[in-house]
Amino acid sequence: MSKPDATPDAATDARRAAELRRAIAHHDWRYHVLDRPEIADVEYDRLVRELQAIEARRPELVTPDSPTQRVSGQPREGFATVAHDPPLLSLDNSFDEKELREWHARLLSHLGVETLPGDLVVEPKFDGLSCKLLFEEGRLVVGATRGSGSEGEDVTANVRTIRSIPLALRGDVPRRLDVRGEVVIRRDHFEKFNAELLARGEETYANPRNLAAGTLRQLDARITAARPLEFYAYALGRVEGGPPLTSHSQALEWLEGLGLKTPRPFSKKGDLEAVLARYRELEAGRDAFPIELDGVVVKVDDLALQARLGFRSKSPRWAQAFKFAARQATTRIAEITIQVGRNGTLTPVARLEPVALAGVTITNATLHNQDEIARLGVKIGDTVLIQRAGDVIPKVVQVIESKRTGAESDFTFPTACPACGTPVVKEADLVALRCPNERCPARVKRRIEHFVARGAMDVEGLGEKLIGQLVDGGIVKSPADLYGLTRDVLVDLERMGEKSAANVLANLEASKTRPFANFLFALGVPEIGEAAAEAIAHPFGTLEALREATVESVRSIHGIGPRAAESLVGFLQSDAGRALLDELARRGVAPRRVERGQGRLEGKTFLFTGTLGKLTRAEAESRVKSQGGSLLSGVSARLSYLVVGEKPGSKLKKAQELKVAVLDETQFLELLEKGPAP
């Protein structure tokens, strides 16, 4: 009997290779022709690598039409074709640090050296559509997609509408210039465009790459012209009459001088360790980067070394793509359940077959509301594309209808709250359905979870499971009841020992004097988020003063709109609101006043990036606000200080470019203690 990990026999390999070729060809068609992929990139890469492995151990199975024998895609009907000379090659991929180090070791081995005689350069890998531009005597004459690598689609009319592409180059132009690059669309433009489609009731795009690809390949160039595409040049093809160039980075600088955008401003040169450091920076800051990234590209900078290293059949030896963790994946919806929020909103949640995504296992994804389910056409049992960005809750972005078997079923929204049985209501100005029962146990749990969360009362040790026990046991019915908990009550609960109980009680006691803004946010009043709570807390100063507020006085605060003002005053004047505030005060909760202008940091603005060692991000931000400083959400000329922890993101480079003061954590703590230098 063969071992489980034994090499498959020739017949098994042949069958599997045939299956993989069919699957990859299908996904190539969906991705490159229809611009509507059915699987995430990481899953596609896995299929290709499996086929490569089979063909490597059984060369006799390699066929001329195997996906491994070409780059990808075919020209689309409706466009003329353009030959690429030299071909537009693809890149080999690394998916972890070990694989990138192995690639680097192969470079050294091929060159016969122990240390690379020159720099590597690392660039962000934009997630768009590869494109070639051909200029003759400085004028744009051809624009073409990558297509099969040897020939692509002639999209010259569309390329001419992209404003970041000059119709005529600047300066001393070469006789002939073949430029390779990426057509992309910025995140903010993508979100705006999808929102417009949604408002018209039309199908949205799953990601910026799909929108960029679909836009560049429109048969009507007027459609392309109406969409804000951009082009970044990242390599040279054939050049005639250009200056002598010795490095890749020099070539990009030359292209910039001719009027083309390149990724050079985001790039870095150095050894392998510098490359890895820049990779980590870009990965940590990818959510703040204006263009969708799916990794970095690492290249040998010296052109003479590139020539010595040469090419494999379909990729250069001197360049490697180093991919980020996947942000999209396909999986199946096992069921759809309803989650009841603290304000009674019923949110449908897709319970998924577990799938690995961005370093974690995903089992749930939000479906937002019944209108979103209808827009997506989601059914229970559907195979779907899900997406996760940073710490944002995963969401369903597309149904893969071709995977349907007929066993799928529609989801029907409940007419009664699943937690308490109260009939749900739909308010005229809102999409969502709500449970109106203030005592609904699900609402109480969510309300208390919000009350004790970081940024609110920040009570460590009171997690979801413990809160569930307290509410289900009838021990806690409102946030005020938390301050009546005793040691005896807590130690009787599941998984609560003496030490854990003591910690919870100590943290509750400490929370009684949280800043007034934290307390106001903790109350969970609709429309009053952290920023609104901060804005309201300073002019009123105390809870006593706020309880006398009118809608007009709250609306007079900069940044507070009518809905927020009406919501807050409505809560303060309601029987339930007054009773909660009275009970919290009776329990000794006395939020402290933080006067604006009394601290050392009045007039100074701060932003944090990376992980701090001594303080949490929330603690550091609270310290700034307690001394009169304020926080910004991004780097700009208005920023006084950028505080940098470990693994800072792209904010650091932008701050340095704008000459913003940069502090490490030690310097930040000194600033808190001594104040800014006069």
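The legends below describe close-up views of a predicted model.

Residues are numbered from 1 along each chain as its sequence is written, and side-chain values use heavy atoms, with hydrogens and water left out. Because this is a predicted model, local features need pLDDT of at least 70 and side-chain atom pairs count only at pLDDT 80 or more, while totals for chains, interfaces and linings use all residues.

**View 1. Helix H6, residues 208–216, within its surroundings.** Helices (H or I, at least four residues) and strands (E, at least two) are DSSP runs, numbered from the N terminus. Nine of the nine residues of H6 are buried, so the helix is largely enclosed by the rest of the structure. Buried means under 20% relative accessible area, with a 1.4 Å probe and protein chains only. The buried residues are Pro208, Arg209, Asn210, Leu211, Ala212, Ala213, Gly214, Thr215 and Leu216.

**View 2. The crossing of helix H3 (residues 97–111) and helix H9 (residues 272–284).** Their axes come within 12 Å and cross at roughly 150°; axes are lines fitted to C-alpha atoms, for helices over the stretch in contact, and angles run from 0 to 180 degrees between N-to-C directions. H3 and H9 are therefore roughly antiparallel to each other, a term for angles over 145 degrees. On the H3 side, the contact (heavy atoms within 4.5 Å) is made by Glu97, Leu100, Arg101 and His104. H9 contributes Leu272, Glu273, Val275, Leu276 and Arg280.

**View 3. The aromatic pair of Tyr279 and Phe324.** The structure holds 13 aromatic pairs, among them this one. Rings of Phe, Tyr and Trp (its six-membered ring) pair if their centres lie within 6.5 Å; planes under 30 degrees apart count as stacked, over 60 as edge-to-face and the rest as tilted. The ring centres of Tyr279 and Phe324 are 5.2 Å apart and the planes lie at 55°, so the pair is tilted. Tyr279 belongs to helix H9, whereas Phe324 lies in the loop between strand S11 (319–323) and strand S12 (328–340); the pair thus links distant parts of the chain, 45 residues apart. Both residues are buried.

**View 4. A cluster of aromatic rings.** Ring pairs join Phe126, Tyr232, Phe266 and Phe289 into this cluster.

**View 5. Helix H20 (residues 562–573) against helix H21 (residues 575–586).** The two axes come within 4 Å and cross at roughly 70°. That makes H20 roughly perpendicular to H21, the term for angles of 65 to 115 degrees. Phe571, Leu572 and Gln573 of H20 meet Asp575, Gly577, Arg578, Leu580 and Leu581 of H21 in the contact.

Methods. Buried < 20%, exposed > 50% of the residue type's maximum accessible area, 1.4 Å probe, protein only. Parallel < 35°, antiparallel > 145°, perpendicular 65-115°, else oblique.
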